[in-house]
Amino acid sequence: PAGMSLAAAAGKQIKKVVLELGGSDPFIVLDSADIEAAATTAVTARLLNNGQTCIAAKRFIVMETVADQFEQLLVAKFQALKVGDPLDETVDIGPLATLSIVSEIAAQVEKTVAMGGKVLVGGQRLEGKGNFYLPTILTDIPAGSPGEKEEFFGPVALLFRVKNIEEAIALANDSPFGLGSSAWTNNPAEIERLITEIEAGCVFINGMVKSDPRLPFGGIKRSGFGRELSVEGIREFVNVKTVWIK
């Protein structure tokens, strides 16, 4: 809503804007991938900044043949995380930015579970002082639930199982957002399909989505338009002038 309001105000003044409005990034794991590497990276990709980043991996879409292995690894790694004071160097997960973010995450999880979702780990606030929510993994995400369509801006991973690459791409694209995406496979033909068919502003293969000043950054769909960073980002701030001299 803030982005739409800004775009409308800019439109009245005939002003160009660049909008980056968040996302619900897919993290696809196919059966030829290095599952241990994918699961290890998945933890950082989901929980960077305590899960409060627009390009965090949020929807983990895993092929059925490797889903049990990936799930077991991810659950074990989430359970091993220490939550607490971010000034303590032994702590892995700190508090969320505001109480309202904690309340929103809790409500999204509770509604998803009430509709049939399953909690594998976490799923609740940490008692005591501070805006803490435990690292959480949800699976069996029901259709129409917040876990299917909404952005979760906090330490909650949404785990989906698919039969093949076609289902993985279709599920990845079945979102109002299109910011970043990460896909894991060692099959060249699958890499080509993922790069071509995933609907997102960027596709990272066998690595987590990162912001880099050398690379253009931005999304499509309700994730916004325009690009930040790189040459493309610089050009967003200028007008092109055509000059012709005979």
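# Close-up views of the predicted model

**View 1. Asp 140 is partly exposed, with a relative accessible area of 48%.** Buried stands for under 20% relative accessible area, exposed for over 50%, and partly exposed for the range in between (1.4 Å probe, protein chains only). Asp 140 sits in the loop that runs between strand S5 (136-139) and helix H5 (146-149). Helices (H or I, at least four residues) and strands (E, at least two) are DSSP runs, numbered from the N terminus. The phi of Asp 140 is positive, about 50°, although the residue is not a glycine. Most residues other than glycine have a negative phi. The model is predicted: local features need pLDDT of at least 70 and side-chain atom pairs pLDDT 80 or more, whereas totals for chains, interfaces and linings use all residues. Residues are numbered from 1 along each chain as its sequence is written, and side-chain values use heavy atoms, with hydrogens and water left out.

**View 2. Asn 49 has a positive phi of about 55°.** Asn 49 is not a glycine. Its place is the loop between helix H2 (35-47) and S3.

**View 3. The structure contains 3 aromatic pairs.** Phe 27 and Phe 60 make a tilted pair, with 5.1 Å from centre to centre and 45° between the planes. Distant parts of the chain are linked by this pair: Phe 27 belongs to strand S2 (residues 25-29) and Phe 60 to strand S3 (residues 57-63), 33 residues apart. Rings of Phe, Tyr and Trp (its six-membered ring) pair if their centres lie within 6.5 Å; planes under 30 degrees apart count as stacked, over 60 as edge-to-face and the rest as tilted. Phe 27 and Phe 60 are both buried. Through ring pairs, Phe 27, Phe 60, Phe 70 and Trp 184 form a cluster.

**View 4. The largest nonpolar core has 58 residues.** Phe 27, Ile 28, Phe 70, Phe 78 and Ile 137 have the most contacts inside this core. A separate, second core of 6 residues includes Cys 54, Ile 55, Leu 179 and Cys 202. A nonpolar core is a set of buried Ala, Val, Leu, Ile, Met, Phe, Trp, Tyr and Cys residues joined through side-chain atoms within 4.5 Å. Leaving out residues up to four places away in sequence, Phe 27 touches several residues, among them Ala 38, Ala 42, Arg 59, Ile 61 and Ser 182. Contact means heavy atoms within 4.5 Å. In soluble globular proteins, nonpolar side chains tend to be buried together.

View 5. Glu 190 is buried and has no salt bridge. Arg 193 is the nearest side chain of opposite charge, at 7.8 Å. Lys and Arg count as positive and Asp and Glu as negative; His and the chain ends are not counted. Leu 30, Ser 32, Ile 165 and Thr 185 are touched by Glu 190, not counting residues up to four places away in sequence.

**View 6. Lys 16 and Glu 236 form a salt bridge, with the closest N and O atoms 3.0 Å apart.** The pair links distant parts of the chain, 220 residues apart: Lys 16 lies in the loop between helix H1 (2-12) and strand S1 (19-20), and Glu 236 in the segment after helix H8 (230-235). A salt bridge is a side-chain nitrogen of Lys or Arg within 4 Å of a carboxyl oxygen of Asp or Glu. Lys 16 is exposed at 57% relative accessibility, whereas Glu 236 is buried at 18%. The whole structure has 11 salt bridges.

**View 7. Arg 161 forms a salt bridge with Asp 68, the closest N and O atoms being 2.8 Å apart.** Arg 161 is in strand S6 (residues 156-162) and Asp 68 in helix H3 (residues 64-79), so the pair ties together parts 93 residues apart in sequence. Both partners are partly exposed, Arg 161 with a relative accessible area of 36% and Asp 68 at 45% relative accessibility.

**View 8. Arg 193 and Glu 197 form a salt bridge, with the closest N and O atoms 3.0 Å apart.** Both residues lie in helix H7, 4 residues apart, about one turn of the helix. Arg 193 is partly exposed, with a relative accessible area of 27%, and Glu 197 is partly exposed at 33% relative accessibility. Elsewhere, salt bridges with shared partners join Asp 68, Glu 71 and Arg 161 into one network.
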